[in-house]
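Hi,

Here is the structure I promised to pass on to you. Have a look at it first, and my notes on the strands and on one helix pair follow below.

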Amino acid sequence: MRQALERLVLALLLGSSAEAHIASNAFVSIDAAGRELQGSIELSIRDAELAVGIDADHDGKITWGELRASAPRLTQYLAEHLLLGTRGRACALQFRTLQVNDRVDGAYAWLPFTARCVLSARELDIRYTVLDGVDPSHRALLSLRAGTVVQSGVLGGARGALEFDLAAPARLSTFVAYLQAGIRHIWSGIDHLLFLLSLLLPAVLLRRHDQWLPVPSARPALLSTLKVVTAFTLAHSITLSLAALNVVRLPSRLTESVIAASIIIAALNNVFPIVTDTRARIAFAFGLLHGFGFASVLADMGLPHGARLLSLCAFNLGIEIGQLAVVLAVMPVVYWLRNDTRYRRALLPWGSVSIAAVASVWLIQRALLSGS
Amino acid sequence: MRRLAPRAGLTCGALLVCLALRAVYATPHIPAGDAEVLAELPPGTQHTSAGARELARNRLDVALPLARFYIARARASGDLRYLGYAQAALDPWLARTVSPNAAVLVLAATIQQSRHDFGAALATLAEALRLEPNDVQAWLTRATVLRVLGRYSEAASSCAHLASRADPALEMLCAQTLRALTGHLAAAYATLRDLPPQSLPSAARAWRDSELGEMAVRLGDEAAAEHWFRDGLALSPDDLYLRTAWADLLLRQGRSTQVLQLLAGYESIEPALLRIVIAQSRRADPRAARSRTLLADAFAIEQQRGDGVHRREQARFLLDVEQRPDAALVAAQENWRVQREPDDALILLRCARAAQQPAAAAPVRQFLQQQGLQDVRLEQ
């Protein structure tokens, strides 16, 4: 009775705790180029022991000597349980020198291989049955590269086989998705637009003797716009990339507050001009902060494994496209309005004051009211 | 795509450099000598155990103890691989459509529950109880699953089924932990505190301590909580749940050094590593960066696998370590859809506040109000 109860409690305790190592994973990467596939498989040494038995002296420890000695059996096992084929015809796997790699959950046996396929590999079938019947939760995390296209997949359990089309760039859809996300964000991220607009509104004007004068021709307006947009783009691309790739990170309360402050500064600069000819520098300096703002959106979406760079570039491009669309829509109108004194005396100053007012509310919200 | 390439080139070039700079903590290598030990095999993971596993295919009296052994090892070590081995012992028996066995189903449900696959666990338990309506273990496991899901009244009726079938002290423990979550925290705490530990089977004593410790945390009595956690760990040093619960208390008190002492040697277990990273970051420990990379990689792997065992920890990692409140909020919301323990409510409230999205916390507030959950941490 007591024993039965203890088992009971055991089960209950197990349930209430969520503690665990990561489950059993193997890592397979394949680089496809023509008939020859270069690849590698990484199998945890613990899993390799279960598969073929490595601990020759049964002391519960696996030494490099034991692993090395069992390499022929291990490669034989893998050749039987990792099957690559093109259109039903098997590729011949040839394993090379065994090495060791350290990962989160211990040491792994790392085996590079070359697979020779009969047809040039446009479609690749992969069958994976390692640890079948021994650990049903074992999975192979697959990364498949064909040219610039990287695809990923999970093999094992109920899904022992996968088919990949190497010709169709499956990542194109990812690219489009992130591109759209970037465009959407610049449209919904009104704070970034207000900042940019504050810097662009005076681009069609010149500041002379404490007065705004219309530019005589399109050239200086175009040049000024180009400088500001380029500086802003360059700056936020840098920090967006750094943040998205986890190189640098700033607390969001800080970045969001400084973004709000940057709008106030840029807008007030139109009313009480201090910086007139070098607004591109403001665009660059604060653009760095805005990049961190973009990054938080990207962080919410996450970068897909194996296509981080592609997705990041797509997202950034999306932002540039969205931003460019706004510039192209606004600047011709503003250029056309430049000779109208109402633009210089009313629209620019009062528009800027309104922008600064909105941004001030954001600043207070973001800096003071946000508890964390 | 090609037309855009020149413009993307500059950005991507810069990014490539960044990627290359990002610390890659390991590369394949050839060890220095044959004697170098690469891995130590935990109990039951030698190839030689293949015989027992083979036997388990045809003999239920081997399959059941083997699965129980692996489940017990999973609990003691926090090693998720053991759950896979347990499942392998049960799978041939689950596949048989004729004469299904309640004990097999209950163990399968325990594995599903440990993987936070609560819906599947409930379905499996329902099947087990249909075959064996008096299965005490099935009722108890069902109560636990329903409690994690926040379905307290159903959980309470599962506990009630224990009354006539099991030890009264066990039934009381089951019922009081639920009362504590539904508006009677102080009363339930007093009842359990006054329950003599001797009246419980020895394995349940640490469980009582862990429940009392958590209740004391929710009551705001940190000194008492520490007493129960200490007591529980003395009884059951392997109890990772107790250990991390205590670590959370220490973190709340700003005692990072003690957290690192308490969790030393548990770095390979994700929930423990999470607390370690938080403590290390607070102390500006140089090991923090590496721990953070390890944990981020472990979460990334889980995500790629599609596993959701550590959703709550992931949200907390994003909030407290990565300082990405928006992403943390998404993870916490996803977690709340799956499980509703006080800690799940807490992390969602904290994320909603940090991300300045008070509306996101509405479902939690509504739940807390409906259930009458008391927790001083939620009021801060």
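In chain A, strand β4 (residues 82-86) runs antiparallel to strand β9 (residues 123-128), and 4 bridges join them. Within that pairing, A:Leu83 has A:Arg127 of β9(A) as its bridge partner. Please keep in mind that this is a predicted model.

These two strands belong to an open sheet of 4 strands in chain A, ordered β5-β4-β9-β12, with antiparallel pairing. β5 (89-90) and β12 (161-165) each have a single partner strand, so one side of each is left without a neighbour in the sheet.

Still in chain A, have a look at β8 (residues 106-116). Strand β2 (residues 36-44) pairs with β8(A) in the antiparallel sense over 9 bridges, and there A:Ile41 stands opposite A:Leu111. Strand β6 (residues 92-95) is also antiparallel to β8(A), joined by 4 bridges, with A:Leu93 partnered by A:Ala115. Strand β7 (residues 99-103) pairs with β8(A) over 5 antiparallel bridges, where A:Asp102 faces A:Ala107. β7(A) and β8(A) make a hairpin with 2 residues between them.

Now to chain B. Helix α17 (residues 311-321) packs against helix α19 (residues 342-354) at an angle of about 30 degrees, with the axes 10 Å apart. Angles under 35 degrees count as roughly parallel, and α17(B) and α19(B) are therefore roughly parallel to each other. The crossing is left-handed. The contact between α17(B) and α19(B) has 5 nonpolar, no polar and 5 charged residues. Among the residues that meet are B:Arg312 and B:Leu319 from α17(B), and B:Asp343 and B:Ile347 from α19(B).

Best wishes

Key. Residues are numbered from 1 along each chain as its sequence is written. Chains are lettered from A and ligands numbered from 1 in the order in which they are written. This is a predicted model: local features need pLDDT of at least 70, side-chain atom pairs count only at pLDDT 80 or more; totals for chains, interfaces and linings use all residues. Two strands pair if DSSP finds at least two bridges between them. Axes are lines fitted to C-alpha atoms, for helices over the stretch in contact, and angles run from 0 to 180 degrees between N-to-C directions. Angles under 35 degrees count as roughly parallel, over 145 as roughly antiparallel, 65 to 115 as roughly perpendicular and the rest as oblique. A crossing is left-handed if the near helix is turned anticlockwise from the far one by less than a right angle, and right-handed if clockwise. Two residues are in contact if their C-beta atoms, placed from the backbone, lie within 7 Å. Ala, Val, Leu, Ile, Met, Phe, Trp, Tyr, Cys and Pro count as nonpolar, Asp, Glu, Lys and Arg as charged, and the others, Gly among them, as polar.
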